[in-house]
Amino acid sequence: MNAHEQFADGLALYALGSLHGDERSTLETHLEGCASCRRELELLRGDMSLMALTTAGPKPPVRSRQRLMAAIAKEPHMPMVVEKPVAAAPRRSGWGLFAWTGWAAAAAMLLLAMSLMRNNSALVRDLTSVTAQYRDQGSKLQQANEIVATLLDPEAKKIELVAAGSKPQPRGKAIYERRNHNLIFFASSLPPLPPEKIYELWLFPANGGAPIAAGLFKPDARGSATVVNPPLPEGVEAKNFAVTLEPESGSHETPRGTVTIVGAGE
Amino acid sequence: MPSTDPKTEASDLALVTEIRSGDQGAMAALYDRYSSIVYAVALRVLQDTGAAEDVLQDIFMQLWRNPGAFDSSRGNMGAWLAVIARNRAIDALRKRRPENNIDDVIVSVEPDMASDAERSRAMEKVRGALDGMAVSQRSALEMAYFEGLTHVEIAAKTGEPLGTIKTRIRTGLLSLRKVLAA
């Protein structure tokens with residue numbers, strides 16, 4: 001439990017949608033600046049999804065699938081907006097005393113129609129531009145997702161290349177971005193864990209402060225492991241990272257076990 | 001449900017990518033994979049098959065209209081849909097406008113609900129954890145989760161102190177996490 005204790009109960013209620021009024025707005029303000037509580041909220045929502053597992057019941061009726069498929073068939077993606085031309089104003093017939101008012105109204109309608117068509121053309125141009133940007137960003141996002149999915153896929157083959165004839169050594173790579181406290185860590189060729197032990201990643205602050213626990217992990221059979229965005233305090237400049245071998249529950253406060261790998265700068 | 005369709009073997013992320021390009025078959029595959037979770041939780045909350053079908057339709061239509069709402073950083077698809085289904089069903093039960101945008105929901109949980117085997121294994125553990133809870137705790141958790149009652153309403157209903165109810169709900173949820181991690 002890494003979240004701030006005073007918000008612990010409130011976070012659970014917030015996840016369930018049961019927090020209202022001042023309590024809710026205070027917590028939402030806090031969440032904006034607290035990665036640790038945001039992470040705990042994600043975990044609580046995970047716990048909520050587990051509750052859903054207790055509800056196994058009848059499958060949805062076949063008609064639900066048919067209804068959905070019929071509905072999506074009517075809504076193809078990225079529909080282009082095609083405006084219907086503005087209908088011409090109906091001509092008035094007759095030569096009554098006030099017939100000229102009909103012509104005036106028609107002229108006004110014509111001016112209005114021309115104005116609307118100009119606006120419409122500008123909107124279509126804007127929409128086309130936004131659509132192109134959306135597609136471009138969607139394509140970049142998709143590419144990024146595919147890269148991340150490959151990196152994190154436990155089924156992906158991860159082969160470390162070393163000098164011919166030499167034995168792979170334990171190694172790790174930490175990629176850390178302070179501003180958003182994002183951290184991605186990859187390790188390879190780690191020795192198998194002894195019983196009741198676990199590896200723990202540590203961040204060493206540049207200001208010389210105490211090391212910060214950055215996640216517990218177990219490597220796979222090939223000694224590979226990944227840690228992605230563990231809860232970290234905001235704004236910490238990192239000097240180095242290290243991995244230690246700790247008791248199964250982790251040490252959390254300070255590294256106690258033996259150092260398995262450490263950044264070249266330490 | 002077509003069993004020979006390669007889409008049935010595709011990953012959630014691959015299906016979402018295809019949905020982005022308008023592939024209706026991918027949408028059908030995703031529906032076949034997760035509609036039972038969404039429908040079951042909605043039915044348990046709403047106790048009405050028609051209303052549960054509406055929630056089911058609403059959620060998958062939103063996913064079709066905005067497949068970008070889900071990416072792998074939001075957790076696994078089954079867990080994400082389960083949470084959204086529960087929230088939407090509670091909104092429907094309490095006749096209120098949806099409080100959470102689906103874009104805002106990020107879920108972190110261990111079992112990958114795409115796999116039937118893993119889902120069954122997790123289901124067994126979670127049910128065991130619920131059965132092992134004190135009746136008062138299980139009841140508080142179920143009232144909050146399935147009836148959408150606030151801690152204030154639960155305290156009023158049970159006569160228990162507000163703080164006790166809050167803690168029971170949180171520790172109840174945490175105990176599910178623990179049993180899965182064990």
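1. Does Lys197(A) count as buried, exposed or partly exposed, and why? Lys197(A) counts as partly exposed because 15 C-beta neighbours lie inside 10 Å, where a residue is buried with 20 or more other C-beta atoms within 10 Å of its own, exposed with 12 or fewer, and partly exposed in between, with C-beta atoms placed from the backbone.

2. This is a predicted model, in which local features need pLDDT of at least 70 and side-chain atom pairs count only at pLDDT 80 or more, while totals for chains, interfaces and linings use all residues. Residues are numbered from 1 along each chain as its sequence is written, and chains are lettered from A in the order in which they are written.

3. Lys197(A) lies in strand β3 (residues 197–205) of chain A; strands (E, at least two residues) and helices (H or I, at least four) are DSSP runs, numbered from the N terminus. Leaving aside neighbours within four places in sequence, Lys197(A) is in contact with Leu245(A), Glu246(A), Pro247(A) and Glu248(A), contact being C-beta atoms, placed from the backbone, within 7 Å.

4. Strands β1 (residues 171–177) and β2 (residues 182–188) of chain A pair in the antiparallel sense over 7 bridges, pairing being at least two bridges found by DSSP. Ile175(A) has Ile184(A) in β2(A) as its bridge partner, and the hairpin that the two strands form has 4 residues between them, with His181(A) in the turn at a positive phi of about 35°.

5. Between the chains, Ser64(A), Arg67(A), Leu68(A), Ala71(A) and Ile72(A) in α4(A) meet residues of α3(B) that include Phe60(B) and Trp64(B).

Terms used:
Two residues are in contact if their C-beta atoms, placed from the backbone, lie within 7 Å.
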